[in-house]
Amino acid sequence: KDIKKDGNIPVLINGYGAFAESFYPYFSISYLLWVNQGGMVAIPHVRGGGEKGEQWHIDGQKLKKPNSWKDLIACTEFIIDQKYTSPKKIALLGGSAGGILMGRAMTDRPDLFGAVIIESGVLNTLRKEGSGGTGNTTVQEYGSVNDPDGFKALLEMDAFQHIKNGVKYPAALITGGINDPIVAPWMPAKFVARLLAHNVSENPILLKIDYEGGHGVDIPLVQRYSNLADIFAFAF
């Protein structure tokens, strides 16, 4: 309401882009915390999700997984071109398999985002297979290291492997759960360690480990809202 297209609107881009999950319009009280502070929320329907049918999902799997973050980058460039916002005003938010989407968008185009928040993200796909949680479903979605094409696909979508030395990366808040059965806490910790070692910007790089919850489920409502408060505060 009453927004001005002057490139100054803080934008929170929330995406997933895997396992044919669809993000359809819904009402969220939580997002009002962001909007009431003058922020805007954008939900990109990237390939790998199911919003446009099964082929849309297939076109974001395995060797075609780069389509997911290319779509996210294109959506981001669109809202910048439309004068809603500018790169320093954009925060990415994703979790679990959405960590691939956000991690690779961040490593591909570090200039395009002001902040990146990844909750329990799959950030080291080459080491994900066999590390627990989702069994064979990750192989079906991402590929296997035991297969040449699968290895190539996993390497390309591995955000950890694409962190480069001497690059100015956006501010980052990376979280993990000590009891997470799907994304072990070593993965976000390893990603942050490499990011800290290679980043040359003065933007904060933070790691937050949850010692109570697991993969964003089975946590008290108060804790969930506390986590959201941290996310919004960091993004702002």
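1. In strand β5, the bridge partner of I117 is L173. The chain then crosses from β5 through helix α7 (residues 186-198) to β6, and this β-α-β crossover is right-handed. A crossover is called right-handed if, with the strands pointing away from the viewer, the path from the first strand over the helix to the second runs clockwise. Helices (H or I, at least four residues) and strands (E, at least two) are DSSP runs, numbered from the N terminus.

2. The model is predicted: local features need pLDDT of at least 70 and side-chain atom pairs count only at pLDDT 80 or more, whereas totals for chains, interfaces and linings use all residues. Residues are numbered from 1 along each chain as its sequence is written, and side-chain values use heavy atoms, with hydrogens and water left out.

3. The strands form an open sheet of six, in the order β2-β1-β3-β4-β5-β6, with parallel pairing. Its edge strands are β2 (40-42) and β6 (205-210), each of which pairs on one side only. From one strand to the next, the twist averages 15 degrees; axes are lines fitted to C-alpha atoms, for helices over the stretch in contact, and angles run from 0 to 180 degrees between N-to-C directions. Two strands pair if DSSP finds at least two bridges between them.

4. Strand β4 (residues 115-119) is largely enclosed by the rest of the structure, because five of its five residues are buried. Buried means under 20% relative accessible area, exposed over 50%, and partly exposed in between (1.4 Å probe, protein chains only). In a regular strand the side chains alternate between the two faces of the sheet. In β4, A115, I117 and E119 lie on one side and V116 and I118 on the other, and all are buried.

5. What are the neighbours of β4 in the pairing? Strand β3 (residues 90-95) pairs with β4 in the parallel sense over five bridges, and L92 has V116 of β4 as its bridge partner.

6. Six bridges join β5 to β6 in parallel; in β6, the partner of A172 is I205.

7. The structure holds one cavity of 30 Å³ or more. On a 1 Å grid over the protein atoms alone, a cavity is a set of points where a 1.4 Å probe fits but cannot get out, and lining residues have an atom within 4 Å of a point. The largest cavity has a volume of about 30 Å³. Its lining consists of T125, K128, E129, T138, V139, Y142, G143 and L154. Helix α5 (residues 137-142) gives the most to this lining, with three residues.

8. Is Y225 buried, exposed or partly exposed? With a relative accessible area of 38%, Y225 is partly exposed. Y225 lies in helix α8 (residues 221-235). Y225 and S30 are 195 residues apart in sequence, and their C-alpha atoms are 8.1 Å apart in space.

Note on methods: On a 1 Å grid over the protein atoms alone, a cavity is a set of points where a 1.4 Å probe fits but cannot get out, and a pocket is an open set with protein on both sides within 12 Å along at least five of seven lines; lining residues have an atom within 4 Å of a point. Grid points are joined across faces, edges and corners, and a volume is the space filled by probe spheres set on the points.
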